[in-house]
Amino acid sequence: MEIIEVFLNTLKELAINSGFCNITWQQGLMLAVSFLLMYLAIVKQFEPLLLLPIAFGMMLTNIPGSGVFHPEFFMTEEVALNGVNYGEVLHHGGLLDIIYIGVKTQIFPPLIFLGIGCMTDFGPLIANPKSLLLGAAAQAGIFLTFLGACFLSFTGIPEISFTFKEAASIGIIGGADGPTAIFLTSRLAPQLMGSIAVAAYSYMALVPIIQPPIMKLLTTKKERLVKMDSLRPVTKKEKIIFPIAVTLIVAFVIPDATPLVGMLMLGNLFRESGVVDRLVKTASNELMNIVTILLGIVVGATATAGNFLTVKTLIIVGLGLVAFCVGTACGVLFGKLMYLVTGGKVNPLIGSAGVSAVPMAARVSQTVGAKENPSNFLLMHAMGPNVAGVIGSAVAAGVLLNIFG
């Protein structure tokens, strides 16, 4: 009988300590959200390379008693004042706590930029430097949304009020650059990491849906039919000098943007030098894939029920959409200005590629232009502002970090 009693007590203890007996409705809802994101990643193929690990990390962190991630190590007011106690994290943290150190110490996002640099051809931007202005114009969505988030604070309602640091982190969603959003948010508003990362990558995945209506609304058929002259050939010397020059200029003017821009340009220098093929292959494949897995799963882990299920999350998602739409609109409107200044030689559609969703935004410009005229090829012209957008979003993050960091 004693053996049976011990056995039953053991089963009782297991049941009491199981996740089934300790789950809250908030955690259940977060698990449902993670399943939805998995569905979007697998079935709809919305940014699956990052949305899938983010969704799985969200699922892990919301399982009661899993102990894989502890927000209190990174996201409390005490941590904001005194910094992270890395000794405690290493001794008492879970698996994802330890991996999250790579985000908190800003290692992962720059490594992603290294891989992007290895995979990106800056030739269209070098061949047409004016496209840099289109990339810069598209960053207006970041700063206008930052001002909008700041304005909400004047309502005096705590649930919809944001600090300057939080407003800056929300605004960066408008750059349509997930690693940049994570880089900035990890420094300024880590408590919003899950909401901002999910919003940023969701809108990146929705570029083909969100951008075309804005592009058509702001342009005329005549403007969309414009055929642009072929880009001039770019020499190897120009392609080698460009990443070095950009790094020096940005690093001296905005030092806080150096980690992102520097690694982006290092990757591009690897690519264009032609002497380090093994490094290019590693950075753009193995390293990129490893960091993507680690970054995605720990970013998802920050989306705990306590941090994610708030009114602020809904506002962040809404403001993120506004930021992205405004950035797209500003790029197109500046493209219209260039159309007028050049006497109709610039197709305004390429301005929408000024957001840094590479190369998806450039493909959308090509698709919308081809629907008006199947013989119109805008892809390479759109890659110029698209690449400029990557640089521009990193610079914008550096500016915000310099002011509020």
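Start your tour at the second largest pocket, whose lining counts 8 nonpolar, 6 polar and 5 charged residues. (Nonpolar here covers Ala, Val, Leu, Ile, Met, Phe, Trp, Tyr, Cys and Pro; charged covers Asp, Glu, Lys and Arg; the others, Gly among them, are polar.) The model is predicted, so local features need pLDDT of at least 70 and side-chain atom pairs count only at pLDDT 80 or more, while totals for chains, interfaces and linings use all residues. Residues are numbered from 1 along each chain as its sequence is written, and side-chain values use heavy atoms, with hydrogens and water left out.

**Stop 1: the second largest pocket**

Select Ala80, Arg187, Leu188, Pro190 and Gln191, which lie nearest the centre of this pocket among its 19 lining residues. A pocket is an open set of points, on a 1 Å grid over the protein atoms alone, where a 1.4 Å probe fits, with protein on both sides within 12 Å along at least five of seven lines; lining residues have an atom within 4 Å of a point. The space here is about 560 Å³, a volume being the space filled by probe spheres set on points that are joined across faces, edges and corners. Next, colour H5 (77-82), H12 (164-171) and H13 (178-188), each of which supplies at least two lining residues. H5 gives the most, with 4 residues. Helices are DSSP runs (H or I, at least four residues), numbered from the N terminus.

**Stop 2: Ser161**

Now pick Ser161, in the loop between helix H11 (140-152) and H12. Is Ser161 buried or exposed? Ser161 counts as buried because its relative accessibility is 15%; buried means under 20% relative accessible area, exposed over 50% and partly exposed in between, with a 1.4 Å probe and protein chains only. Leaving aside residues up to four places away in sequence, Ser161 touches Leu152, Ser153, Thr155, Gly156, Glu166 and Lys312. Contact means heavy atoms within 4.5 Å.

**Stop 3: helix H7**

Select residues 95-104 to see H7, where 8 of 10 residues are buried. Among them are Leu96, Tyr100 and Lys104. Just after H7, find Gln106, which takes a positive phi of about 60°.

**Stop 4: the largest pocket**

Finish with Glu47, Leu49, Met119, Met288 and Val358, nearest the centre of the largest pocket, which is lined by 26 residues. Its space is about 700 Å³. H19 gives the most to this lining, with 5 residues, and the lining divides into 18 nonpolar, 6 polar and 2 charged residues.
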